[in-house]
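The structure is shown below.

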Amino acid sequence: MSALHYPAITEYRLPKKNLMVISCIDLRLTDDLLNFLHFDNLANRYDHFALAGASICTGATRDEHKELFKTEVLEHYKNFAHWKQCLHDHLEIAISLHAIKDVYIVEHEDCGAYKAFLKDGVFASWEEELNCHKTFAVALSKELHSAYKLNVHCFMIDIRGNVKLLDTAPHA
Ligand SMILES: [Zn+2]
């Protein structure tokens with residue numbers, strides 16, 4: 001078995017305290033996500049909040065990203081405002097209960113929620129898919145960093161379980 005590729009230790013500051021992990025619900029990557037978190041020495045140090053598409057729901061409440069969504073999806077999910085509220089509510093109680101200092105936003109390849117929620121043709125290649133996830137993840141990262149002064153690290157997992165760093169905040 002070949003070794004998985006994870007970000008280098010110099011690419012972001014590893015959390016020293018507790019954190020919240022925000023991931024998709026995708027069942028194919030449950031073990032891969034766990035392996036990565038254990039690799040970062042985070043076993044039993046994180047609250048795990050899983051929602052379809054990870055950061056994508058918060059994009060639907062932003063004017064600059066709303067146009068990427070299918071109109072019927074925005075109507076059905078009411079711009080995902082209640083998803084976003086739920087995420088913030090859980091993050092606030094996690095900060096209160098567990099002194100959360102960091103957040104991992106973990107996006108992934110071949111996300112069914114991205115396909116279901118976004119207009120067809122938003123991305124056609126791996127690079128475009130990566131950039132699309134990065135757009136939503138970084139936007140959420142900025143919101144969480146400014147609202148709660150948390151360190152936020154955004155990652156992309158491919159379907160083999162390799163992990164790539166998309167962004168880390170605050171920037172050095
Ligand atoms: Zn997904």
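D110 is partly exposed, with a relative accessible area of 27%. The model discussed here is a predicted one. D110 forms a salt bridge with R28, and the closest N and O atoms of the two residues are 2.9 Å apart. D110 belongs to the loop between β3 and α6 (112-117), whereas R28 belongs to the loop between β1 and α1, so the pair ties together parts that are 82 residues apart in sequence.

R28 also meets the side chain of D26 in a salt bridge, at 2.8 Å from N to O. The accessibilities of these two residues fall into separate classes: D26 is buried, with a relative accessible area of 14%, and R28 is partly exposed at 39%. Together with K115, the residues D26, R28 and D110 are linked in a network of salt bridges.

## A salt bridge between two helices

The structure holds 5 salt bridges. One of them joins K84 to E143, with the closest N and O atoms 3.5 Å apart. This pair links distant parts of the chain, 59 residues apart: K84 lies in helix α5 and E143 in helix α7 (residues 126-148).

Are the two partners buried or exposed? K84 is buried, with a relative accessible area of 19%. E143 is likewise buried, and its relative accessible area is 19%. Both count as buried because the class covers values under 20%.

C24 is buried, with a relative accessible area of 12%. H108 also counts as buried, at 4% relative accessibility.

The strands form an open sheet of 5 in the order β2-β1-β3-β4-β5, and their pairing is mixed. At the edges are β2 (46-50) and β5 (163-169), each of which pairs on one side only. On average, neighbouring strands of this sheet are turned by 20° against each other, direction ignored.

Strand β4 (residues 151-157) and β5 run antiparallel and are joined by 6 bridges. Within this pairing, V152 has A169 in β5 as its bridge partner. In general terms, strands of a sheet pair through backbone hydrogen bonds, in either a parallel or an antiparallel manner.

Helix α5 (residues 81-98) lies across β1 (19-23), β2 and β3 (102-108), and runs at about 170° to β2. Helix α5 is also the element that contains K84, the partner of E143 in helix α7.

Definitions and conventions. Residues are numbered from 1 along each chain as its sequence is written. This is a predicted model: local features need pLDDT of at least 70, side-chain atom pairs count only at pLDDT 80 or more; totals for chains, interfaces and linings use all residues. Side-chain values use heavy atoms; hydrogens and water are left out. Two strands pair if DSSP finds at least two bridges between them. Helices (H or I, at least four residues) and strands (E, at least two) are DSSP runs, numbered from the N terminus. Axes are lines fitted to C-alpha atoms, for helices over the stretch in contact, and angles run from 0 to 180 degrees between N-to-C directions. Contact means heavy atoms within 4.5 Å. Buried means under 20% relative accessible area, exposed over 50%, partly exposed in between (1.4 Å probe, protein chains only). A salt bridge is a side-chain nitrogen of Lys or Arg within 4 Å of a carboxyl oxygen of Asp or Glu.
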